[in-house]
Amino acid sequence: MKNLLEKGTKCLIVQSKFSAFSFWNYIDVCEITGAKYPAAPLGLLTVAALLPQQWEFKLIDENVESLLPEHFEWADIVCLGGMLPQQPSMITIIDKAHKYGCPVVVGGPDPTSQPELYHSADYLVLGEGEVTIPMFLEDLEKGVTSGRYKSDDRADMTIAVVPRFDLIRFQDYIMVGVQYSRGCPFNCEFCDIIELYGRKPRTKTSNQIIKELQYLYELGHRGHIDFVDDNFIGNKKNVKQVLPLIKEWSEEHKYPYYFSTESSINMTDDEDLLQMMKDVDFRYVFVGIETPDDEILKQTNKRQNINKPITEAVDKIYSYGMIVNGGFILGFDNETDQTAGKMIDCIQDSGICVAMVGKMYALPNTQLTRRLQREGRLFESSSTLEGNVHLDQMTSGLNFITTRPRLEVLKDYITIIKNIYDPKSFYDRIKYTGLHLKPANKYRPSFSKILMSLNAFSKVSMKAGFSKTTGGLYWKTLVNVLLKNPKGLEAAVNMAAMFIHFQKQSEFIIDLTNKEIESIMSYGEDEFNHAMFAEA
Ligand code: B12
Ligand code: SF4
């Protein structure tokens with residue numbers, strides 16, 4: 001075998017395909033904006049920066065271009081990484097690479113959670129690459145041809161590398177990710193983040209973040225940057241140090257970026273923080289709301305959400321110019337026949353357009369999974385997706401015996417999805433968002449970006465404005481927002497574009513869930529549960 005550590009080793013890095021039917025794969029919006037896929041593969045760009053820099057790299061993201069035989073012919077080694085929904089595509093690529101004689105290195109979230117499923121890879125480099133890639137390289141130097149590398153140590157983010165953003169074409173993506181912190185101080189029962197990354201959020205230094213922004217700027221990226229942190233405000237003290245520096249840098253560079261991130265809802269307790277986020281043009285924040293029911297929040301240990309009226313919290317975030325995207329879960333223990341109605345009201349009343357309502361999924365290595373195992377209620381010891389249509393938490397989930405009859409939960413699920421993705425309900429929420437949002441609008445798009453936005457606007461107007469189901473709603477909503485809160489217009493158009501995806505995606509989910517219901521009914525629920533146990 002070639003000495004892989006030598007100069008010029010050709011390393012093929014592959015981001016495998018996600019399904020077009022995932023909630024998160026808003027391909028229609030990508031087409032409208034001229035991109036091919038929503039988010040750049042930050043994990044793999046980071047991996048490229050951790051591997052020997054004397055190597056040559058080629059990154060193929062199957063979501064934006066095809067992976068061809070010539071790519072394998074070129075490569076000396078193949079690196080793969082990804083999430084649960086990419087499991088089948090990753091396993092296929094391992095086999096393909098082997099056919100071309102390439103050794104395969106696998107890492108990232110799903111291989112870390114379930115390494116046994118990736119046993120066909122030559123090197124399993126698990127956990128945080130900053131810690132385990134050096135272990136793998138040490139073995140490579142010794143000529144070791146296979147191995148599994150893991151560690152209980154966590155990466156020191158203050159010495160994290162700058163990702164190799166130069167390996168992607170920015171125009172292929174709507175947004176590029178930057179990571180400020182890992183981990184979250186909270187302790188939600190179903191969460192695997194705290195198991196994977198710990199409860200003490202580790203942040204990069206402010207200088208590291210400025211360096212990353214500067215590098216992206218020099219490479220020519222403009223527009224949307226997503227802070228991919230598990231909880232951006234997990235370490236409030238540090239985040240309040242970095243935000244003023246981002247503001248200073250943005251001012252100097254004429255605001256080339258606007259931002260989005262993920263945060264716990266207690267961000268609304270800190271108006272200074274909200275103002276700091278507004279000052280640098282944060283436009284979207286994903287908040288895990290999970291359920292409007294305080295009793296269930298208590299039971300799942302999501303304490304920061306208890307006694308927080310959601311509409312008030314969302315209104316406050318809107319008043320600082322940020323659109324709230326919400327995560328919700330159905331399938332908690334002890335839900336009742338009132339739960340679906342409460343969830344629909346919560347989503348409608350708060351005007352959250354992008355509401356990701358998932359079914360509870362006991363992810364590998366969580367407190368929930370361990371409890372369900374103890375209670376003899378967990379179906380699977382690992383989550384295999386072979387031959388299934390499991391794409392995300394909307395298509396899969398409920399991998400355990402539910403406290404309510406499963407059929408009731410599934411029927412409620414359909415009721416929620418039907419209601420919130422009904423065109424009239426969705427456009428009511430767009431109107432609410434458009435009227436309540438007070439955007440900062442600091443980002444200064446270039447002339448070509450303005451032309452692209454105008455082109456995107458005309459495409460959305462053609463698609464949504466002349467559609468049988470949304471035409472009237474679209475124009476009425478836009479005129480309403482234009483007259484009452486013109487600054488909210490851009491957000492309203494963006495949300496209308498998102499609905500083009502959600503309308504199709506929700507139909508797909510309803511259809512799939514109906515089939516699941518039919519199949520359970522044909523077995524009988526007890527038989528179904530037995531069959532699932534037998535499979536595990
Ligand atoms: C941003 C993000 C997203 C974004 C964008 C992702 C993208 N690029 O397409 C969006 C919103 C689209 C998304 C969606 C989903 N996500 Co997501 N996402 C994240 C998040 C918050 C950050 C990812 C990131 O960029 N991290 C920063 C980089 C630097 O870290 P990294 O990718 O883990 O890479 C490091 C290591 O893993 C390792 N590594 C990674 N790859 C490789 C490869 C090799 C060869 C090696 C050696 C090492 C290695 O080295 C890197 C440096 O340490 C993570 C949580 C997290 N903390 O990572 C969840 C996470 C990855 N997502 C997760 C899930 C489940 C999903 C969804 C299925 C969720 C859903 N609700 O349905 C969807 C599916 C997406 C789809 N398109 O179908 C899970 C994955 C769990 C699992 N066991 O697979 C995570 C871990 C969150 C969680 N709750 O557990 N996600
Ligand atoms: S707030 Fe979010 S990231 Fe933090 S523990 Fe809860 S679910 Fe996990």
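This is a predicted model: local features need pLDDT of at least 70, side-chain atom pairs count only at pLDDT 80 or more; totals for chains, interfaces and linings use all residues.
Me: Good. Which residues of H16 and H18 meet, then?
Reply: From H16 you have Pro423, Lys424, Tyr427, Ile430, Lys431, Gly434 and Leu435, and they meet Leu473, Thr477, Asn480, Val481 and Lys484 of H18. By class, that contact divides into 6 nonpolar, 3 polar and 3 charged residues.

Me: And the geometry? How do the axes of H16 and H18 cross?
Reply: Helix H16 covers residues 423-436 and helix H18 covers residues 471-484; their axes come within 9 Å and cross at roughly 15°. Angles under 35 degrees count as roughly parallel, so H16 and H18 are roughly parallel to each other.

Me: Left-handed or right-handed, the way H16 passes H18?
Reply: The crossing of H16 with H18 is right-handed.

Me: Ok, now H18 with H19. How do those axes run?
Reply: H19 spans residues 489-523, and the axes of H18 and H19 come within 9 Å, crossing at roughly 160°. That makes H18 roughly antiparallel to H19. H18 passes H19 in a right-handed crossing.

Me: Who makes the contact there?
Reply: On the H18 side, Tyr474, Thr477, Leu478, Val481 and Leu482; on the H19 side, Leu489, Ala492 and Ala496.

Me: Nice. Changing topic: what are the domains?
Reply: The domain assignment gives domain 1 as 10-149 and domain 2 as 157-369. Their C-alpha centres lie 25 Å apart.

Me: How many residues of each are in contact?
Reply: In domain 1 there are 23 residues in contact with 22 residues of domain 2.

Me: Which elements supply the domain 1 side?
Reply: At least two residues each come from helix H1 (27-33), strand S2 (37-39), helix H2 (42-50), strand S3 (56-61) and helix H5 (109-113). H2 gives the largest share, with 6 residues. By class, this side of domain 1 has 15 nonpolar, 6 polar and 2 charged residues.

Me: Last one: what sits around ligand 2?
Reply: Around ligand 2 you'll find Cys184, Phe186, Asn187, Cys188, Cys191, Ile193, Ile194, Asp230, Asn231, Ser264 and Gly288.

Me: And how does that shell split by class?
Reply: The shell around ligand 2 has 6 nonpolar, 4 polar and 1 charged residues.

Technical notes
Residues are numbered from 1 along each chain as its sequence is written. Chains are lettered from A and ligands numbered from 1 in the order in which they are written. Domain bounds come from an automatic or database domain assignment. Two residues are in contact if their C-beta atoms, placed from the backbone, lie within 7 Å. Helices (H or I, at least four residues) and strands (E, at least two) are DSSP runs, numbered from the N terminus. Ala, Val, Leu, Ile, Met, Phe, Trp, Tyr, Cys and Pro count as nonpolar, Asp, Glu, Lys and Arg as charged, and the others, Gly among them, as polar. A residue is near a molecule or strand if its C-beta atom, placed from the backbone, lies within 6 Å of it. Axes are lines fitted to C-alpha atoms, for helices over the stretch in contact, and angles run from 0 to 180 degrees between N-to-C directions. Angles under 35 degrees count as roughly parallel, over 145 as roughly antiparallel, 65 to 115 as roughly perpendicular and the rest as oblique. A crossing is left-handed if the near helix is turned anticlockwise from the far one by less than a right angle, and right-handed if clockwise.
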